[in-house]
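Let's take a walk through this model, one spot at a time. Keep the sequence and the 3D view side by side as you read.

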Amino acid sequence: MGNKLSGKDLIKLGFPKNNSINIALGQINRYRKREKKESILTEAKDVLLNPEKYEGNGTWGKVAEGLIKPVQVRMHQLKNTRAPFKIFGENEIDEQAKFQLYDSLKLPVSVAGALMPDAHSGYGLPIGGVLATDNAVIPYGVGVDIGCRMSLSIFDLPASHFKGKEHQLEAILKDNTKFGMYETHASRVDHEVFYKSEFKDIPLLKNLLPKAYKQLGTSGGGNHFVEFGIAKIDNPENEWKLDKGEYFAVLSHSGSRGLGANIAKHYTYLATKQCPLPKNVQHLAWLDLNTHDGQEYWLAMNLAGEYAKACHDDIHRRIAKAIGKRVVVTIENHHNFAWKEMVNGQECIVHRKGATPADEGQLGIIPGSMTAPGFIVKGKGNAESLNSASHGAGRLFSRAKCKSTFTQSEIKKVLKANNVTLIGGNIDEAPMAYKDITKVMANQTELVEVLGTFTPKIVRMDR
């Protein structure tokens, strides 16, 4: 008897000759391969005799499910008709993004959909796509950067705080922010998110904990940024303790880093295996929330969202400390996420991929580009948009197109004309790559009320 567990060992124990053996071997080889064979066999015997005891268990839950009620893997076909939907700012949206939404609306689990005015084509759901499904979650409907979010901190400091302090503020951004795959902070901090039970109970997350700890308070590459700017408040909310006026503020945009990317990759793979679909829509594969993997993804996705928030909180804490002032107002929310919400009287899973929640009274920040204002908004709770709004201006040019269209000197000219300082940033994030935010906002007056603006002044991005 070698030390490696085999299918024969499990058959000897009495496991049925079906997929539960492959599942057990897969889980053990992935997460328990360093353990003694004897102890694993003892545990496996107990799972076989008492599978209900192991439902939801990190290593054995999926095996138990295979013994009690195996997941039915069958080819799903698209419906001939689309679920109801609404497109906002239709004339500004490329055809491919619309077709991606149309495909998603034909999924047998789809209930309703919407497309925001900043929409452009993506992978799976289009960016700016909102989709409500029945008890099913689509990993690529959430996206790779789970819980990507905006966070705006407004200080009780006048906009004039910038005068004569530009170099000092640039240094604060350089010293207190980290970007890209490898940069991390020298001084690590602990956070309550690391003590969540999901990090102990879900083997995939347990393995990702060291990376998550290391990356706390850092931002990704691409369009992620941390920037100082001027928040102009036109309609203050009562609880803000701020009058109308212009204030010094900091805005950040990033997500759940390596943690979210690994969760997305793992569960997308499981979804495509469990939910075969026609080839052109295979990336819209879903996980049924009544299955072990569906429940596990839901927990992991929510954890990634909490981690993304923890990252922003840490960034803003470091910057506030360096400035030596307290934040008086924080406005923040996720995109690239899924929520349980009521749609037409039915509880649904609402995916917002690059779309901002805009329930009635819900606050949000919709950025423009590094040379265009962002908008501080309050949701109107529009049912046709599934209580959503755009998450930014949206891209006009793809990253590849930017590289062949724009030059560094053109970007420098635009930055100078707008009096913006950029630290880092690549050609594919050129201000000209984005749609006109004022047009986008004009196309969503039914979705949000504007309370003020945020104008970037010093922007830090990945190199």
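Start with Ile 349, which you'll find in strand β11 (residues 346–353). Helices (H or I, at least four residues) and strands (E, at least two) are DSSP runs here, numbered from the N terminus. A word on the ground rules: this is a predicted model, so local features need pLDDT of at least 70 and side-chain atom pairs count only at pLDDT 80 or more, while totals for chains, interfaces and linings use all residues. Residues are numbered from 1 along each chain as its sequence is written, and side-chain values use heavy atoms, with hydrogens and water left out.

Is Ile 349 buried or exposed? With a relative accessible area of 3%, Ile 349 is buried; the cut-offs are under 20% for buried and over 50% for exposed, with partly exposed in between (1.4 Å probe, protein chains only). Leaving aside neighbours within four places in sequence, Ile 349 is in contact (heavy atoms within 4.5 Å) with a list of residues that includes Leu 131, Ala 132, Val 137, Leu 289, Trp 298 and Trp 339. Take Leu 131 from that list: Ile 349 and Leu 131 are 218 residues apart in sequence, but C-alpha to C-alpha they are 8.0 Å apart in space.

Now for the nonpolar cores. In soluble globular proteins, nonpolar side chains tend to be buried together. A nonpolar core here is a set of buried Ala, Val, Leu, Ile, Met, Phe, Trp, Tyr and Cys residues joined through side-chain atoms within 4.5 Å. The largest one has 55 residues, and those with the most contacts inside it are Val 137, Ile 146, Leu 205, Ile 263, Tyr 267 and Tyr 297. Elements that each supply at least two residues of this core include α5 (95–105), β2 (110–120), α9 (203–215), α10 (257–274) and α11. It is α11 that gives the most, with nine residues. For a closer look, pick Ile 263: not counting residues up to four places away in sequence, Ile 263 touches Ile 146, Leu 204, Leu 205, Leu 208, Tyr 297, Ala 300 and Ala 304. There is also a second, separate core of 54 residues, which includes Ala 389, Cys 402, Leu 415 and Met 461.

Stay with α10 for a moment. Ser 256 sits in the loop between β7 and α10, and at 0% relative accessibility Ser 256 counts as buried. Setting aside neighbours within four places in sequence, Ser 256 is in contact with Asp 145, Ile 146, Ala 304, Tyr 307 and Ala 308. Arg 257 is found in helix α10, and Arg 257 has a positive phi of about 55° although it is not a glycine. Arg 257 is buried too, with a relative accessible area of 12%. Asn 336 is another residue other than glycine with a positive phi, near 50°. Look for Asn 336 in the loop between β9 (327–334) and β10, where Asn 336 counts as buried at 12% relative accessibility.

The buried residues of α5 are Ala 97, Lys 98, Gln 100, Leu 101, Tyr 102, Ser 104 and Leu 105, and their cover includes β1 (85–87), β2 and β3 (127–133). In helix α7 (residues 166–176), the buried residues are Leu 169, Glu 170, Ile 172, Leu 173 and Asn 176. Why are they on the same side of α7? They cover an arc of only 155° around the axis, which puts them there; the arc is that of the directions from the helix axis to the C-beta atoms. On the other side of α7, His 167 and Asp 175 are exposed. The cover over the buried residues of α7 includes β6 (225–233), β7 (245–254), α11 (292–323), β16 (421–423) and β17 (448–461).

Ser 160 and Ile 230 are 70 residues apart in sequence and 9.1 Å apart in space, C-alpha to C-alpha.
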